[in-house]
Amino acid sequence: MLMSPHVEEVAQMVAEEKVPVVTTGAGNPSRFVKLWKEAGVKILPVVASTALAKMVERAGVDAVIAEGGESGGHVGDLTTMALVPQVVDAVSIPVVAAGGIGDGRGLVAAFALGACGVQMGTRFLVADECTVSAEYKKKVLAAKDISTMVTGKRLGHPVRAIKNTYMNAYAKLEADSNIPDEQLEQFGVGSLRKAAKDGNAEEGCFLAGQIAGMVKKAQPAKVMEGVRWDV
Amino acid sequence: MNILEKLQEILSECKGEDLTITPETTFDELEFDSLDKVDIVMQIEEAFDISLGDNMQLSTVGELIAKIEEAVANK
């Protein structure tokens, strides 16, 4: 997560440990590519625009993950449907589609758009092996199609998460021009930990994509990997 | 090519409206998000046939003009 204050140390550790594959998000990883390539790491950055896809291709990454705004977490403006084919046309390296994919229908759609594979996040939040809090999994399993919302656009870092007390309060603060950016930023500090680790239903930020409404079963990850047959 | 005029063209296209910029204009005022900035950099590089590098930390249009002039001179 390129916005992390520990990104430099993590990047160094990825190289030292010769992590076989790394994905990056929330920014441009170009400054780490040389370090990681020398360590034999395969690099797949998440991109939310064709310009960023071209920039990281130029830096030498192995593939890109074109992630539309249906996804959970940090999101761009484009939808997966619009973004994926345009990224496919813009680069020569493989493109993985992400955002709004939860079963075999999404997989087939991704192939039709020119992607060579998919990345799924929200679906695997409820995998048995995923160590997020029980409350987090409960929220994802209970979600409907319209259960998520995006906040943070004012700070230039929009984020999609499940609606709750925290997200509604954040949206209200964001819309209030009397609230300075620094106060808004401070309001968000620690919210992901409160969701993922503490399971704080009201104060946590439960990142999840729009496909959460389709995630109805907690299963082992290995079973979920068979999702390609659910067409 | 007049750098300021070209920048005005690129930044206006990205914003979707006609902008009037000066070297003193700040990027905070212009309110571009991170993806806009990547797009702007790519357009500048193409227009001037230069490479600006990644992760530039610039506050004003004037600083960007200086970076472009330096890159053009080093071509």
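Predicted model: local features only at pLDDT ≥ 70, side-chain atom pairs only at ≥ 80, totals over all residues.
User: How many residue pairs in polar contact does the rule find across the interface of chain A and chain B?
Analyst: A polar contact is a pair of N or O atoms within 3.5 Å; within protein, one must be able to donate a hydrogen and the other to accept it, and residues adjacent in sequence count only if both atoms are side-chain atoms. Residues are numbered from 1 along each chain as its sequence is written, while chains are lettered from A and ligands numbered from 1 in the order in which they are written. With both residues at pLDDT 80 or more, the number of pairs across the interface of chain A and chain B is one.

User: Which residues meet in a salt bridge, N to O?
Analyst: A salt bridge is a side-chain nitrogen of Lys or Arg within 4 Å of a carboxyl oxygen of Asp or Glu. Across the interface of chain A and chain B the rule finds one. At 2.6 Å, N to O, the side chains that meet are those of B:Glu45 and A:Arg58.

User: Which element gives the largest share of the side of chain A that touches chain B?
Analyst: Helices are DSSP runs (H or I, at least four residues) numbered from the N terminus. On the side of chain A that touches chain B, two or more residues each come from helix 2 (30-38) and helix 3 (50-59) of chain A. The largest share, five residues, belongs to helix 3 of chain A.

User: Which three residues supply 45% of the area that chain A buries against chain B?
Analyst: Buried area is the accessible area (1.4 Å probe) that two parts lose on being put together, summed over both. Chain A and chain B bury about 940 Å² between them, with 61% of it on carbon and sulfur atoms. More of chain A's share than from any other three residues comes from A:Ala51, A:Met55 and A:Arg58.

User: Is B:Thr25 buried or exposed?
Analyst: B:Thr25 sits in the loop between helix 1 (3-15) and helix 2 (27-30) of chain B. Its side chain reaches the backbone nitrogen of B:Thr22 at 2.9 Å. Leaving aside residues up to four places away in sequence, B:Thr25 touches B:Thr20, B:Leu30, B:Ser59, B:Thr60 and B:Val61, where contact means heavy atoms within 4.5 Å. Its relative accessible area is 8%, and buried means under 20% (1.4 Å probe, protein chains only), so B:Thr25 is buried.

Technical notes:
Heavy atoms only, no water. Buried < 20%, exposed > 50% of the residue type's maximum accessible area, 1.4 Å probe, protein only.
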